[in-house]
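Subject: Structure for your review, with notes on its disulfides

Dear colleague,

Please find below the structure that I am handing over to you. My notes on it come directly after.

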Amino acid sequence: YNFTDCDFKKIKESYRNIIYQELNNYTKGTKAIDFDHFVYCEDQPDCLSKIQSLTFEGRPGCAAPAREAFAVRTHAALAAACPGYRGPQINNTQTMRKIRKRQIKRKECLEQVTYLKELWQRLSRIS
Amino acid sequence: GESGYAENDFDDAELDDYSFSCYSQLEVDGLQHLLTCMFDDSDINSTNLEFEICGALLDVDCLNFNKLQERYFLKTKKFLLIGDSKICVKLEKKNMTCRKVNIVKIVKPEAPFDVRVVYREGANDFVVTFNTSHLQKKYVKVLIHEVAYRQEKNENNWMRVNLTSTKLTLLQRKLQPNAMYEIKVRSIPYANYFEGFWSEWSPSFHFRTPETNGTGETD
């Protein structure tokens with residue numbers, strides 16, 4: 001999906017008022033310096049593309065935080081602000097409690113979400 | 001079973017005006033939000049009428065309201081707070097009317113409280129302070145507060161001041177000496193993301209001004 005036509009102002013509002021809180025909840029106690037990798041995004045569409053990838057695609061050690069509260073809200077924000085965006089179909093009726101038992105917050109997931117926070121921060125600063 | 005609507009009444013039911021209004025209160029009980037709806041027509045026969053919300057919810061597709069007297073309410077943590085929901089009035093599983101609603105645009109803050117007025121003789125002024133539960137919230141933190149005050153004998157002559165902080169100074173010379181005043185406060189969301197309605201008024205606080213008007217003269 002090409003994020004060029006998104007309403008970036010609307011997305012940043014959703015981030016500042018809602019998603020930011022959820023990301024903080026998820027990474028409570030974790031600091032960016034805990035992880036040595038560095039993430040960067042060039043412009044707004046690039047940031048959203050990387051945010052989508054880190055949010056909805058699994059990586060070694062972290063199946064995919066797609067059903068976490070911040071991910072469901074990221075999906076809602078993109079769907080509300082990006083024309084034609086459908087993104088990955090999140091099975092909304094699978095209870096979170098069952099999923100969370102399987103996906104204990106491993107270090108890899110915390111690392112992935114910490115990088116997500118950096119990408120969102122970068123996006124919110126781009127005017 | 002006996003239902004509120006017999007067969008032929010069902011057509012009449014169709015004619016009823018099911019328009020309704022709702023407001024949301026976020027983090028009203030810890031992380032729980034509260035959504036309250038009521039019919040605009042208070043004379044409506046609300047027997048068997050139910051409210052349901054779908055869309056922009058976490059983990060579930062729809063949620064049903066509870067009913068208390070003529071109000072329908074839903075207390076939950078499951079609002080996404082992003083995007084639109086649809087609220088429907090249902091009569092025996094049939095949608096009588098539906099409306100698109102965005103929970104963050106119908107926010108009604110909790111009323112301010114603890115209004116106090118302290119007279120500062122040296123400064124010839126009155127310091128008004130009040131409290132709001134919204135200072136501790138994650139979401140609706142930024143509010144506009146309206147302070148309204150009047151001389152008690154002047155029924156409708158309210159003076160009004162808008163502010164975003166919870167402290168205000170009234171100059172003694174702007175008030176009548178040796179007079180009883182009433183003061184109260186209400187709030188409304190002030191961030192462009194959260195919008196909505198005025199809260200209820202706080203309980204009023206009453207105070208009497210000194211004999212002089214702060215310039216050494218007595219009227």
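Predicted model: local features only at pLDDT ≥ 70, side-chain atom pairs only at ≥ 80, totals over all residues.

Disulfides overall

Counted over all chains, the structure contains six disulfides. If the bonded cysteines of chain A are numbered in sequence order, they pair as 1-5, 2-3, 4-6. For chain B, numbered in that way, the pairing is 1-2, 3-4, 5-6. The links of chain A are described one by one below.

Cys6(A) and Cys82(A)

These two cysteines are joined by a disulfide with an S to S distance of 2.1 Å. The torsion about their S-S bond is about 115 degrees, so this disulfide is right-handed. Cys6(A) is located in the segment before helix 1 (8-26) of chain A, while Cys82(A) belongs to the loop between helix 3 and helix 4 (96-102); the pair therefore ties together parts that are 76 residues apart in sequence. Cys6(A) has a relative accessible area of 8% and is buried. Cys82(A), with a value of 3%, is buried as well.

Cys41(A) and Cys47(A)

A disulfide also connects Cys41(A) with Cys47(A), at 2.0 Å from S to S. Its torsion of 80 degrees about the S-S bond makes the link right-handed. Cys41(A) and Cys47(A) are both buried.

Cys62(A) and Cys109(A)

Between Cys62(A) and Cys109(A) there is a disulfide with an S to S distance of 2.2 Å. This link is right-handed, with 100 degrees about the S-S bond. It connects distant parts of the chain: Cys62(A) sits in the loop between helix 2 and helix 3 of chain A, and Cys109(A) sits in helix 5 (residues 107-125), 47 residues apart. Both Cys62(A) and Cys109(A) are buried.

Pro60(A)

The loop between helix 2 (44-56) and helix 3 (69-81) of chain A also holds Pro60(A). Is Pro60(A) buried or exposed? The relative accessibility of Pro60(A) is 78%; exposed requires over 50%, so Pro60(A) counts as exposed. In space, Pro60(A) lies 7.7 Å from Glu108(A), C-alpha to C-alpha, although 48 residues separate them in sequence. For the loop that holds Pro60(A), the notes thus include an exposed proline and a buried cysteine, Cys62(A), the latter bonded to Cys109(A).

With kind regards

Note on methods. Residues numbered from 1 in each chain as written. Chains lettered and ligands numbered in written order. Heavy atoms only, no water. Helix = DSSP H or I, 4+ residues; strand = E, 2+ residues; numbered from the N terminus. Buried < 20%, exposed > 50% of the residue type's maximum accessible area, 1.4 Å probe, protein only. Disulfide = S-S within 2.5 Å.
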